[in-house]
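Here is a short report for a first look at this structure. Keep the sequence and the model in view as you read.

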Amino acid sequence: MSAADLLRRSAAELADALASGETTSVELTRASLDRIADVDGAVHAFLHVDAEGALAQAAASDARRAAGAPASALDGVPIAVKDVLATEGLPTTCGSRILEGWVPPYDATVVARLRAAGLPILGKTNMDEFAMGSSTEHSAYGPTHNPWDLDRIPGGSGGGSAAAVASFEAPLALGTDTGGSIRQPGAVTGTVGVKPTYGGVSRYGLVAMANSLDQVGPVTRTVLDSALLHEVIGGHDPLDSTSIDQPLPDLVAAARLGASGDMSGVRIGVIRELGGEGYQAGVQQRFDEAVRLLVAAGAEVVEVSCPSFVHALAAYYLIMPSEASSNLARFDAMRYGLRVIPEGVENPSAEEVMRATRDAGFGDEVKRRIILGTYALSSGYYDAYYGQAQKVRTLISRDFEAAFAQADVLVSPTAPTTAFRIGEKLDDPVAMYLNDIATIPANLAGVPGLSLPAGLAPEDGLPVGFQVLAPALADERLYRVGAALESLLEKEWGGPLLDRAPALEGARR
Amino acid sequence: MSTQTADTLLSFEEALERFDPAMGLEVHVELNTVTKMFCGCSTEFGAEPNTQTCPTCLGLPGSLPVVNGKAVESAIRIGLALNCEIAEWCRFARKNYFYPDMPKNFQTSQYDEPIAFDGWTEVTLLDGEGAGETFRVEIERAHMEEDTGKSLHVGTSGRIHGADYSLVDYNRAGIPLIEIVTRPITGAREKAPAVARAYVAHLRDLLLGLGVSDVRMEQGSLRCDVNLSLAPRVSAGSTTDVPLGTRTETKNVNSLRSVERAARYEISRQAAILVEGGSVLQETRHWHEDTGITTSGREKSDAEDYRYFPEPDLVPVAPSRAWVEELRATLPEPPREHRARLQALWGFADLEMRDVVAAGAIPVIEATVAAGTTPQAARKWWLSDLARRANEQGVDLSDLPITPEQVARVQALVDEGALNDKLARQVIDGVVAGEGDPDAVVAARGLAIVSDEGALGDAVDRAIEANPDVAAKIRDGKVAAAGALIGVVMKDMRGQADAGRVRELIIEKLS
């Protein structure tokens, strides 16, 4: 089997090939590393590639297979990890100068679970600094480029993970989603991304942006692959107090059930507030077509209204920066990471070193959010900002409750537009923030969401994302509906959407 | 310590003639849980710096806290012992400020939802004027939080200013703390400093009885901040409420004696400012044990904005009522009932018991009695020699370098006849001086009573020979005169003889 053929297979197919002895983990891992060497100069999905470590893990995986004792179904399938997750012995920068060179002494729980399940870790993927952004342009180490058009953004903050999967550098990746950082990159790169129920996947070792919103999730090319990876990383973790102490639903079974394409008896709610005005015509068109496909497959469609969603973005931009301003206080040059000694200061004090380090180590977007959050939490403003935002959050949860009384899942376009050009929205933070308008409500309410490709927008030929939302703890519904739509669409297209992405071999920037 | 200068003071008496003090006491108690508040690290005191740390208590990126259930249990028991309401639902909150000894640059604490609130306790004044008088102290709240690391400023000043460099030990970071805050204590007038001291002593006994803390002030496991303000004195019978004056917060006052002294000092210092028409600066002040004064620390502590918000990494603490009642059932006797019961059990007179309480000697006497000593003997040792030493050193009895078990052993040696009182005192000297256990001191110093009858007989013979007049009186039946001869023999034997036996020998030989 050729390396090119291996690279284009899904993780589920690779797992089968490993199980049947058709390939080895070392062969797969080497193919991924070669692909990274070929195209990552143009894509820049990775901040750190650990070829040696990945190959050693692959060899260990092959030894387990040979001994007849694979650690999991995905044992031997390589994976890329977003650089916001702590990896023992591997640099973890969060896309920030302030953590340049920091090597954590411990693994995030999800990383430990990947290791336990035998997935070789290829490296760490690029991201907006501390996950703050929707384009990966806020990485201190340079932007990631969208494999569909290298002049465009791959979404953010997890643009690196999405681009790595979309460019066939890795079959699987981990992302994190605070306001859409898994789903929106999935939408604009034609890949699948899932934000699990809040508390469904451990946050231990995830460098927090906004603790009450952050969630780790799968970044893949197929819905089934996301389910497989979700089952590896999900489930209770005693190291995370917000982790839910219940077994995960059977996600893989739900994905396999959905793949039949039968949607009879499933009620789908189209969210009135997430569509129409402000949504690119081609995005809306592909979304509407997808809904019609679901109806044709037997789904019952209702329109639902979530009136509080119009306040979601405002509430999010108070809660997220508030939590972030506090989380980022620890980066003070005292214990780890960057330390900048201020120039022209005789015997600088600890305070002066902190100031100089934070000034040099944080980018503009991070500083903007620290300032916003510090202000929102200040005495005298707390009730008007943070307090009000929490009330909006409650209203949004109620909207979801009411909507889920009418429908099993809710659907919307994942992002209002296709990938914009690099640099296009850098000077207009609010325009950038608006790209997360459809993904943010799920984080505020803690419900799970999935994005899958719905086709290419006619006007620019770029991928459009379709979002499925389910009630908390009912993640299996995402996989059932997602897999059904995926199979219906691929029948229309005659194959995966990514088959239509440009080949990147020899691409140079 | 070069720039500390004493402020102008008004005499305490004059200050009280013109002003009424209001006090608020904030006591931080380190719990004696095996592990820290939010991680599994050991809380053992005195380990090598930075050996009891992990990603969580170092605040490494990505680490998360998990609440120590035992600490919550201790917090609830403390709340119950202080007659507090126990919250049905409460959260932790982040207190945000930058300091190098704080790993996350926020302290995980509680803010507007403390685990325990609206309590009260009664303290009894111990000595001086008003002894025996009872004051009710209202408890505003008791909340859970984590301790910070410990900074060591290396340089001649020992303070952050002028230090050559600073070291931080994070072993202490994350140790569970309970902060107990009183409502303003008013109306104590000249007794305010004594009330402050009695309150802290009372808390210490109560916490010791609960078994939730080592409450060793010198190790910092119980620390007191004294908030104090003065208001113009209200004439007797006046019903108008006079608002509280501007307060100062004197930090980390680390002995009972210092609590009283610091309160007295602040009353005199603030009064001097106010009579001159000045205004008291709202600030944090530092207490100096050596010079007995407070000096200005950070200014405007209230102007600092800690930007509290609920800790999103922790779920709310919601103790069930059934659990709270279970914990209530585990509470020991309240100190007052405990004292009454012990007094009856030990057979102490009221006056004797008052002295015992005043010296804070109940726990040590209890432990000494538990080790086999009679209550009277235990009282004698702790209230005489040892109380004097503790007083001289300005420490509590329990902080002396001698344990109740060691005192019990000394008394056992006396009871066996191996030591007399004078020798026993020397043994105690030795133990306190760090020479080891009582038996080791006896051996090293050669303090055992000489029970060699031959040597004793010779000494008695020598005494009779040298004091023929006294001997004649005894022969004539004036047995009382034997005392003089006993003294001579004891001196001859350098104290290492049993005076009772000496007396017997003298009378035997002269009858």
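## A buried leucine in chain B

B:Leu230 counts as buried, because it has 24 C-beta neighbours inside 10 Å and the cut-off is 20 or more. The model is predicted. B:Leu230 sits in strand β10 of chain B.

Which residues does B:Leu230 contact, leaving aside its neighbours within four places in sequence? They are B:Phe19, B:Asp20, B:Pro21, B:Gly245, B:Ile267, B:Gln270, B:Ala271 and B:Leu274. B:Ala459 lies elsewhere: 229 residues separate B:Leu230 from B:Ala459 in sequence, and their C-alpha atoms are 69 Å apart in space.

Strand β1 of chain B covers residues 19-30. Nine of its twelve residues are buried, so the rest of the structure largely encloses the strand.

β1(B) runs antiparallel to strand β10 (residues 222-232) of chain B, and eleven bridges join them. In this pairing, B:Glu26 stands opposite B:Asp225. Strand β9 (residues 176-182) of chain B also pairs with β1(B), in the antiparallel sense, over five bridges. There, B:Glu179 in β9(B) is the bridge partner of B:His28. In a regular strand, side chains alternate between the two faces of the sheet.

## Helix α4 of chain B

Helix α4 of chain B spans residues 256-275.

Of the 20 residues in α4(B), 15 are buried, so the helix is largely enclosed by the rest of the structure. Just after α4(B) comes B:Gly277, with a positive phi of about 85°.

## An open sheet of three strands

Another part of chain B holds an open sheet of three strands, in the order β4-β3-β14. The pairing is antiparallel. Its edge strands are β4 (106-109) and β14 (309-310), each pairing on one side only.

Strand β3 (residues 93-96) of chain B is joined to β14(B) by two bridges. B:Ala93 has B:Pro310 in β14(B) as its bridge partner.

## Annotated sites in chain A

UniProt, in an unreviewed entry, lists residues 27-478 of chain A as "domain: Amidase". Over residues 27-478, chain A is 38% helix and 13% strand. The end C-alpha atoms of this stretch are 33 Å apart. For "active site", UniProt (unreviewed entry) lists A:Lys82, A:Ser157 and A:Ser181. These residues are spread over 100 residues of sequence, yet they cluster in space, with a largest C-alpha distance of 10.9 Å.

A:Lys82 lies in strand β2 (residues 79-82) of chain A. A:Lys82 is buried, with 32 other C-beta atoms within 10 Å. Not counting residues up to four places away in sequence, A:Lys82 touches residues including A:Thr125, A:Met127 and A:Gly158. A:Ser157 is placed in the loop between β3 (121-125) and α6 (159-166) of chain A. A:Ser157 is also buried, with 34 other C-beta atoms within 10 Å. Beyond residues up to four places away in sequence, A:Ser157 touches A:Ser181 and A:Met127, among others.

## Where the chains meet

How many residues does each chain give to the contact? Chain B gives 25 residues and chain A gives 33 residues. On the side of chain B that touches chain A, 16 residues are nonpolar, four are polar and five are charged.

How values were computed
Residues are numbered from 1 along each chain as its sequence is written. Chains are lettered from A and ligands numbered from 1 in the order in which they are written. This is a predicted model: local features need pLDDT of at least 70, side-chain atom pairs count only at pLDDT 80 or more; totals for chains, interfaces and linings use all residues. Helices (H or I, at least four residues) and strands (E, at least two) are DSSP runs, numbered from the N terminus. Two strands pair if DSSP finds at least two bridges between them. UniProt positions are given in the numbering used here, feature names are shortened, and annotations may be inferred rather than shown by experiment. Two residues are in contact if their C-beta atoms, placed from the backbone, lie within 7 Å. Ala, Val, Leu, Ile, Met, Phe, Trp, Tyr, Cys and Pro count as nonpolar, Asp, Glu, Lys and Arg as charged, and the others, Gly among them, as polar. The expected span of a helix is 1.5 Å times one less than its number of residues.
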